[in-house]
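Here's a quick tour of a protein model to read alongside the sequence and the 3D view. Keep both open and find each part as we get to it.

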Amino acid sequence: MQETDGTPARRFGLPTAICLVMGNIIGGGIFLLPASVAPFGTVSLLAFGVLTIGAIALALVFGRLAERHPHTGGPYVYARAAFGDFAGFLSAWSYWTMTWVSNAALAVAGVGYFHVLTGGSSSKSTDLVIALLMLWLPALANLAGTRWVGAVQVVSTVLKFIPLFFVAVAGLFFFDPKNLGSFSEGGGSWASGLSASAAILLYSYIGVESAAMSAGEVRDPERNVGRASVFGTIGAAVVYLLGTVAVFGTVAHDKLAKSTAPFSDAVDAMFGGEWGGTLIAFAAVVSIVGALNGWTLMSAQMPYAAAKDGLFPAMFGKKKRGVPTAGVLAAAVLASLLTIINYVSGSGGVFEILVLITTFSATVPYLLATAAQVYFLLKGERDKVHAGRFTRDMVFALGGFGFSFWLVAGAGYAAVYQGGLFLLAGILVYAWMAARRPAAAEAEADGAGEPVAAEKSAEPEPELVA
């Protein structure tokens, strides 16, 4: 495989693709999740289990879609193939904005853990420098090529998995049922507690699409994208569930509900002393840097795929060393600007609004992708469709759509309203790109150049058969 700069691409093997999925799913939020859901009682563990089933269904859908369309861009590719350019653009626009705003949020969250790890003092200038370093070091790793992206992702995933898994396993030996509290806290029904805790946990599994997004860089994507999506999601689920159960069983419920570092409190409760805080701070910093490494790649892959079809500016469609450099730089610059606004001007409200928008933006590509799978299944030639497989795939597609719809509902009215406005603002970008495409086609007819929209794959269109 040759890239646009003439160099051979280095593709991700299955282990690296699994680490990409796990690393993007497990960011910094896991270190606060047990405390966030503790006020609802142990019913939140049931909510985690339900969400895990939905996330696995979504991962299976992405695997089946990648068999039909094993190309970089994932949800964008599927939406465009099923519903046309406009749906594809909406998927790409939503996902792209979500990635770089989320990167800014991750960098800001990592600053606090960094201070705990180093014992350094906090100031606006120091915090800004640390946050920018957290953004640009993963960006530089991406610019160095897919080989470095894969290496950083594997190392960071292993380094953060070890301490989290250690807490999860060790916690089983110190587990005390008296620490759990009641099944449903706060005097409400268990059903309301299930919904409330699920709303907090819903976004824990964003990132299941990571292997599908980078399908063009994965070896044998028809097989490995689905396997990486499912195995990576299950791996993240094991860490989530076992870790949360361990913390619930080792930290007294009343203390856990008020904790600002639940995993650190769990280590201190198991072994005494205060070294748990340093251990978990290290795991958190590694986890966030690893997530930033993976999400930086995701922020470049979506506009790369759209640029190849003329739906994003052409500069996003060029690669060096297997990485779309313009996309990496654009995401790093935009995330840096947002981070600077947060620290310099103190416009916390602006930052919170944009982060809120991402919670909605992340779900739009999921809804379009799962709807595309339903479309492909219904359009398939029935005489070539195995009844058992059709039923199974349709159940997973509908389950993935339901899970994605639940994500939208859990985002809340404000997120849906503001995210919807931001999504609609992208229509102007689509209009601009659509207006440029006829001119590019005319230039090609005159022999003056080749439009990006004309860069089609030489592979035959796959049969839309279940």
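**Where two helices meet**

On one side of this contact are Trp96, Trp100, Val101, Asn103, Ala104, Val108 and Val111 in α5, and they meet Ala331, Leu334, Ala335, Leu338, Thr339, Asn342 and Tyr343 in α14. Sorted by class, the residues in the contact of α5 with α14 are eleven nonpolar, three polar and no charged. Bear in mind that you're looking at a predicted model.

**The big picture**

- The protein chain has 18 helices and zero strands.
- It runs to 466 residues, and 55% of them count as buried.
- Take the contacts between residues at least 6 apart in sequence: 83% of these join residues at least 24 apart.

**How α5 crosses α14**

- Two packed helices are described by the angle between their axes and the distance between the axes.
- For helix α5 (residues 85-118) and helix α14 (residues 325-345), the axes come within 9 Å and cross at roughly 50°.
- That angle makes α5 oblique to α14.
- The crossing of α5 and α14 is right-handed.

- Ala87 sits in helix α5.
- Is Ala87 buried or exposed? Its relative accessible area is 12%, so Ala87 is buried, as the cut-off for buried is under 20%.
- Leaving out residues up to four places away in sequence, Ala87 touches Ala79 and Leu368.
- Ala87 and Tyr76 are eleven residues apart along the chain, and their C-alpha atoms are separated by 8.1 Å.

- How does the end-to-end distance of helix α6 (residues 124-143) fit its 20 residues? At 1.5 Å a residue, α6 should span 28 Å, and its end C-alpha atoms are 28 Å apart, which agrees.
- The axes of α6 and α14 come within 10 Å and cross at roughly 170°.
- With that angle, α6 is roughly antiparallel to α14, because an angle over 145 degrees counts that way.
- On the α6 side, the contact uses Lys124, Asp127, Leu128, Ala131, Leu132, Leu135, Trp136, Ala139, Asn142 and Leu143.
- Facing them in α14 are Thr325, Val328, Leu329, Ala332, Val333, Ala335, Ser336, Thr339, Ile340, Tyr343 and Val344.
- By class, the contact of α6 with α14 is made of 15 nonpolar, four polar and two charged residues.
- The buried residues of α6 are Asp127, Leu128, Ile130, Ala131, Met134, Leu135, Pro138, Ala139, Ala141, Asn142 and Leu143.
- Gly145 follows α6, and its phi is positive, near 120°.

- The 17 residues of α16 should span 24 Å at 1.5 Å a residue, and the end C-alpha atoms of α16 are 24 Å apart, which agrees.
- α16 is mostly covered, with 13 of its 17 residues buried.
- Helix α3 (residues 43-68) packs against α16 at an angle of about 60°, with the axes 10 Å apart.
- α3 and α16 are therefore oblique to each other.
- The crossing in which α3 passes α16 is left-handed.
- From α3, the contact takes in Leu58, Val61, Phe62, Arg64, Leu65 and Arg68, and from α16 it takes in Tyr366, Ala369, Thr370, Gln373, Phe376 and Leu377.
- That contact of α3 with α16 has eight nonpolar, two polar and two charged residues.

**Two loop residues**

- Gly380 is in the loop between α16 (363-379) and α17 (387-411).
- At 8% relative accessibility, Gly380 counts as buried.
- Gly380 and Phe390 are ten residues apart in sequence, and in space they are 9.6 Å apart, C-alpha to C-alpha.
- Asp220 belongs to the loop between α9 (210-213) and α10 (221-250).
- Phi of Asp220 is positive, near 50°, in a residue other than glycine.
- With 35% relative accessibility, Asp220 counts as partly exposed.

Methods. Residues are numbered from 1 along each chain as its sequence is written. This is a predicted model: local features need pLDDT of at least 70, side-chain atom pairs count only at pLDDT 80 or more; totals for chains, interfaces and linings use all residues. Side-chain values use heavy atoms; hydrogens and water are left out. Axes are lines fitted to C-alpha atoms, for helices over the stretch in contact, and angles run from 0 to 180 degrees between N-to-C directions. Helices (H or I, at least four residues) and strands (E, at least two) are DSSP runs, numbered from the N terminus. Angles under 35 degrees count as roughly parallel, over 145 as roughly antiparallel, 65 to 115 as roughly perpendicular and the rest as oblique. A crossing is left-handed if the near helix is turned anticlockwise from the far one by less than a right angle, and right-handed if clockwise. Contact means heavy atoms within 4.5 Å. Ala, Val, Leu, Ile, Met, Phe, Trp, Tyr, Cys and Pro count as nonpolar, Asp, Glu, Lys and Arg as charged, and the others, Gly among them, as polar. Buried means under 20% relative accessible area, exposed over 50%, partly exposed in between (1.4 Å probe, protein chains only). The expected span of a helix is 1.5 Å times one less than its number of residues.
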